[in-house]
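Work through the exercises below with the sequence and the model open. Each task is followed by a stepwise solution.

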Amino acid sequence: MENPYDYMQTALDELSAQGNLRILPHALHEGRYLYAAGQKMLNLSSNDYLGLAADLELRTRFLESLTPEDFLPSSSSSRLLTGNHPAFDELETALARLYGAESALVFNSGYDANTGILPAIAMQDDLILADKLVHASLIDGMRLSRAHWLRFKHNNVKHLERLLALNASNYRHVIIVTESLFSMDGDEAPLRELVRLKQLYPNVLLYVDEAHAFGLRGPRGLGCCEEQGCIGEVDFLMGTLGKAAASAGAFVICRRVIRDYLVNHVRPFIFTTALPPVIAKWSRHVLHLLPEMGERRQRLDQLARHLRRALREQRIKCPSTSHIIPLLIGDSAEAVRRAEDMQRRGFYVRAVRPPTVPEGTARLRISLRADMTDEEMEQLITYIPKM
């Protein structure tokens, strides 16, 4: 009889042989730097794009505003039982007001939102049309739903248009699903074109994941939908609070009827303990400041443009139009080797390997941050061609 753990070890051995074995890294954080194996490195693998999570003054001001009564480290319940503290209502009201929307609903994470909303809204007589490169949480949400689903070629409006023409009349609802700013390639969805296609059909809904754009794009940092002037045309606008906003959780901006429906049908919302109320208060604190952080957004944009221009001059291919800069390597083991070399040079960059990205497309993913210095950027630009 086979040992029940043998298959686990075999699977781990196979991942190791492929260069795809993952282990949890250990590091000590200090502002925009971290220390690992006794070495100080600039953290270019974090999603702290605006540097807010590393901003000690920002945290200090927030902590000074708290009282022991305010500091609630646990909700102790789901929001449908006793966990719906006023902090959540205040945060959702602030989000809805900021977007000029009817309502907002907060989730424990972007993963919870994406894996919960899609199964709740997509039934067996519905169709989901998703961009080929959407995040794993959206893929899992589609798999958990009872709907049929198809993938359209990445950012290919004509392919999506053909799929709509062939299928829209055969289903009750069709849900177009995309990220606004793609987390692995750093490029952007043509949101205005997706809105145009949506408007051609009365039964089409649009779901946009703004996880890597919220806080960063648009005059007030509301994301690519604000930047492209289409917030009001997006049925489900999902954003996360754990990246540029330096907190935890996620939210969806939507109509009131949608919010009420989700509260009653999204399983990860119904059957989980709510976020700690102190986290909701912190999110509200940061949210109040985000519209005023244009200088940080501008700084990040300048850094990203500078690096992308330098890569073009060095004839290094890069699909990015944002602060997320992928350096395509291909082989997983080679990507790990080059990431380790960058770490020895003082840049904490991690290799991204399958299944996070397709086979043969392992890469280094550089996450730029607004609190980088010009000197650090020049050192990075000087080193990249020598990898």
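Does Trp282 count as buried or exposed, and at what relative accessibility? Trp282 has 10% relative accessibility and therefore counts as buried. Buried means under 20% relative accessible area, exposed over 50%, and partly exposed in between (1.4 Å probe, protein chains only).

The model is predicted: local features need pLDDT of at least 70, side-chain atom pairs count only at pLDDT 80 or more, and totals for chains, interfaces and linings use all residues. Residues are numbered from 1 along each chain as its sequence is written, and side-chain values use heavy atoms, with hydrogens and water left out.

**Exercise 1. Describe the aromatic pairs.**

Step 1. The whole structure holds five aromatic pairs. Rings of Phe, Tyr and Trp (its six-membered ring) pair if their centres lie within 6.5 Å; planes under 30 degrees apart count as stacked, over 60 as edge-to-face and the rest as tilted.

Step 2. Phe62 and Trp282 have ring centres 5.1 Å apart and planes at 65°, so they are edge-to-face. Phe62 belongs to helix α2 (residues 56-64) and Trp282 to helix α11 (residues 277-289), so this pair ties together parts 220 residues apart in sequence. Helices (H or I, at least four residues) and strands (E, at least two) are DSSP runs, numbered from the N terminus. Phe62, at 8% relative accessibility, is buried.

Step 3. For Phe107 and Phe269 the ring centres are 5.8 Å apart and the planes at 70°, so this pair is edge-to-face. Phe107 sits in strand β4 and Phe269 in helix α10 (residues 267-270), so parts 162 residues apart in sequence are tied together. Both Phe107 and Phe269 are buried.

Step 4. Tyr99, Phe214 and Phe251 make up one aromatic cluster.
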